[in-house]
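Please look through the structure shown below and read the briefing beside it, which takes up the surroundings of the ligand and then some pairings between side chains.

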Amino acid sequence: MTNKYIYFVANWKMYGNLSSLNTLDKVIKFSKSKEIKGGRLIYCPPYTLISSFSKKFKSCQIAIGGQNCHESEDYGAHTGYINSRMLKNIGAHFVIIGHSENRKKGESDKLINLKIKSALEAKLKVIFCIGETLSEKRNKKTHSVLSNQIKIGLKNIKNKSNIFLAYEPVWAIGSGLIPKSQDLFKIVEFIKSKFRDKTPKVLYGGSVNPNNITNIRKINNIDGYLIGGASQNAKKFIDIVKKTYS
Ligand code: PEP
């Protein structure tokens, strides 16, 4: 049983359309009930649904986030992209930056650093994803990979109070695999040790579901979860929150 505030971030990736809005009714009802306890819910739908989600969540405390943004704060000729000011303007409070699915497509730590700066400038909170691949883990490079991602990703950012880190081992995303509890605890401690003054919130992401949350929630230095697949099902998402606090 935990009393602290825990963040539950739903990353819908490239899923969902207008008919998905109906599935939110259950979550809205749950968010207004006593069962929510210290849970803080954040939905990151595809861009096409942010405005509709924002309207839907008007009467409740559920926050909205984007799944990425362009690095430029200025409007400009960037076909197919949106920037952090646009996200803020349609009702987003958060943005996920550095997700491994985007790193895989070529997003570098340097680019991620620019995106984080522009998001903070737009007064968005940032969910900054870091994590090692399976071969990096096998080669015992987890610490050096994470250090590097943090060092370059947060370069020249003094005020980190609006940054949440999301530790997402690439090999755990969508695979059904999760790190051993003692490894996860140590890695979260390692990430927190990188910050001298104010320790940021550290979320865990990678195959979290209603079956494994009962074990994961025992790792008491984790401040919340970034949830992909399971978050697209309202019942599963609610169950994860309930089981975290049971
Ligand atoms: C994610 O994409 O951030 C994620 C954690 O996905 P899943 O929960 O499906 O592993």
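The shell of residues around the ligand is made up of 4 nonpolar, 8 polar and 2 charged residues. The model is a predicted one, and every value given here was computed from it. Of the 14 residues around the ligand, those that come nearest are Lys13, Glu168, Gly174, Ser207 and Gly228.

**Around the ligand**

- A polar backbone atom of Gly174 lies 2.7 Å from an oxygen atom of the ligand, and a polar backbone atom of Gly228 lies 2.8 Å from an oxygen atom of the ligand.
- For Gly229, too, a polar backbone atom is found 2.8 Å from an oxygen atom of the ligand.
- On its own the ligand has 290 Å² of accessible area, and the protein covers 95% of this area.

**His70 and its contacts**

- His70 sits in the loop that runs between strand S3 (63–66) and helix H3 (84–89), and it counts as buried because its relative accessibility is 9%, where buried means under 20%.
- The side chain of His70 is joined to the side chain of His78 by a polar contact of 3.5 Å.
- When neighbours within four places in sequence are set aside, the residues in contact with His70 are His78, Tyr81, Ile82, Asn83, Lys115 and Ser118.

**Salt bridges**

- Side chains of opposite charge can pair when their charged atoms come close, and a search of the whole structure finds 7 salt bridges.
- Lys115, one of the residues in contact with His70, forms a salt bridge with Glu107 in which the closest N and O atoms are 2.7 Å apart.
- Both partners of that pair are buried, since Lys115 has a relative accessibility of 5% and Glu107 has one of 13%.
- Asp109 and Arg103 also meet through their side chains in a salt bridge, with 2.7 Å from N to O; Asp109 is buried at 18% relative accessibility, and Arg103 is buried at 16%.
- Lys242 and Glu35 form a salt bridge whose closest N and O atoms are 3.8 Å apart.
- This pair links distant parts of the chain, 207 residues apart, with Lys242 in helix H10 (residues 234–245) and Glu35 in the loop between helix H1 (24–31) and strand S2 (39–44).
- Lys242 counts as partly exposed because its relative accessibility is 33%, and Glu35 likewise counts as partly exposed because its relative accessibility is 43%.

Note on methods. Residues are numbered from 1 along each chain as its sequence is written. This is a predicted model: local features need pLDDT of at least 70, side-chain atom pairs count only at pLDDT 80 or more; totals for chains, interfaces and linings use all residues. Side-chain values use heavy atoms; hydrogens and water are left out. A residue is near a molecule or strand if one of its heavy atoms lies within 4 Å of it. A polar contact is a pair of N or O atoms within 3.5 Å; within protein, one must be able to donate a hydrogen and the other to accept it, and residues adjacent in sequence count only if both atoms are side-chain atoms. Accessible areas come from the Shrake-Rupley method with a 1.4 Å probe; for residues, only the protein chains shown count as cover. Ala, Val, Leu, Ile, Met, Phe, Trp, Tyr, Cys and Pro count as nonpolar, Asp, Glu, Lys and Arg as charged, and the others, Gly among them, as polar. Helices (H or I, at least four residues) and strands (E, at least two) are DSSP runs, numbered from the N terminus. Buried means under 20% relative accessible area, exposed over 50%, partly exposed in between (1.4 Å probe, protein chains only). Contact means heavy atoms within 4.5 Å. A salt bridge is a side-chain nitrogen of Lys or Arg within 4 Å of a carboxyl oxygen of Asp or Glu.
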